[in-house]
Amino acid sequence: MPIFDHNNIAQHYEISGNGPPLLLIAGMMSDSASWAPLVPLLEPHFTLIRPDNRTTGRTAPWDAPASVDHFAADCAALLHHLDMGPAHVLGHSLGGMIGMRLACAHPDAVKTLTLAAAAPLRLERNVALFKTLLAIRRSDAAPDVWLHALFPWLFAPALYDAKGMVAQAAAASLAYPYAQSMQAMAHQIAALDGYMPDTPDSISCPVQALLAADDLLLPLDLARPTLGDIASHVIAGAGHSLHWDAPDAVASHLRRFTQETQT
């Protein structure tokens, strides 16, 4: 269980695989474990670095100062600590926002950036959604109710056609020993609430965006206009958690992009 002590936090991370470094930055309410579907597809090609962002997983304390700037600075410090930069970076959702800030504030740390279900866009509706989910979680509703309210926003409709899969996903989430607490969830939502997007032209490294055809949190018609000249690829049959709905497609796009940008 690697721990990197810096800036008054103990940051947990996982590292595995062989090849050039690939930093995987998780999204809201997620940690290093959220990359499970991609790990076996990417380990033969990359050295995977999977940190738990502040407020998540085994990084402590949960209430350390948190913002997109803090998350990005942690990533840069971890890469420097490991002496593994510049690295390819894949960020999902909030992780994509962190990846953009990392590329802007620490350009020497990033070789390429892949945005997965992410764009330089802050939607007030999404912040309100997470606050509502937190309110449900804090209420006297059954522990899985807030998860059942969240899942339609995350996954493609096909998940609901597979008998028992939604209940299985909720049970797995509740059983996860390092799940984000309600207090930490509120702290992370506050960090998202203060996010101001970076502009695409402020990113100097090669960038691609992987967007999901069935993404409710980041609809295509809102995401695409914000990307400017960034090349985007739409993954069919996937919702916001596209690396769970279509891991093979995500891995394929990532491998192709990083190979094309090798110098």
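Trainee: What makes α3 largely enclosed by the rest of the structure?
Mentor: In this predicted model, 10 of the 12 residues of α3 are buried, so the helix is largely enclosed by the rest of the structure; buried means under 20% relative accessible area, exposed over 50% and partly exposed in between, with a 1.4 Å probe and protein chains only. Among the buried residues are L94, M97, R101 and A103, and the buried residues of α3 pack against β3 (21-25), α2 (68-82), β5 (87-92), β6 (110-116) and α7 (182-193), where contact means heavy atoms within 4.5 Å. Helices (H or I, at least four residues) and strands (E, at least two) are DSSP runs, numbered from the N terminus.

Trainee: On what terms are residues and side chains counted here?
Mentor: Residues are numbered from 1 along each chain as its sequence is written, and side-chain values use heavy atoms, with hydrogens and water left out. As the model is predicted, local features need pLDDT of at least 70 and side-chain atom pairs count only at pLDDT 80 or more, whereas totals for chains, interfaces and linings use all residues.

Trainee: How do you know that the span of α3 is close to the one expected?
Mentor: The expected span is 1.5 Å times one less than the number of residues; α3 (residues 94-105) has 12 residues and reaches 16 Å from its first C-alpha to its last, close to the 16 Å expected.

Trainee: Why is C205 called buried?
Mentor: C205, in the loop between α7 and β7 (207-212), has 12% relative accessibility and therefore counts as buried. Leaving aside residues up to four places away in sequence, C205 touches A103, V110, K111, T112 and L113, and the C-alpha atoms of C205 and K111 are separated by 6.1 Å although the two residues are 94 apart along the chain.

Trainee: What makes one space a cavity and another a pocket?
Mentor: On a 1 Å grid over the protein atoms alone, a cavity is a set of points where a 1.4 Å probe fits but cannot get out, whereas a pocket is an open set with protein on both sides within 12 Å along at least five of seven lines; lining residues have an atom within 4 Å of a point. The structure holds one cavity of 30 Å³ or more, and the largest cavity has a volume of about 190 Å³. Of its 17 lining residues, S93, M97, L121, N126 and L192 lie nearest the centre, and α4 supplies the largest share, three residues. The largest pocket has a volume of about 1000 Å³; of the 39 residues that line it, M29, S30, F151, F155 and S173 are the closest to its centre, while α6 (165-175) gives the most to the lining, with six residues.

Trainee: Why is the pair of F151 and F155 called edge-to-face?
Mentor: Rings of Phe, Tyr and Trp (its six-membered ring) pair if their centres lie within 6.5 Å, and planes under 30 degrees apart count as stacked, over 60 as edge-to-face and the rest as tilted. F151 and F155 stand 5.5 Å centre to centre with 65° between the planes, and form an edge-to-face pair. The rings of Y176 and Y178 have their centres 5.7 Å apart and their planes at 80°, so this pair is also edge-to-face.

Conventions
Points joined across faces, edges and corners; volume = space filled by probe spheres on them.
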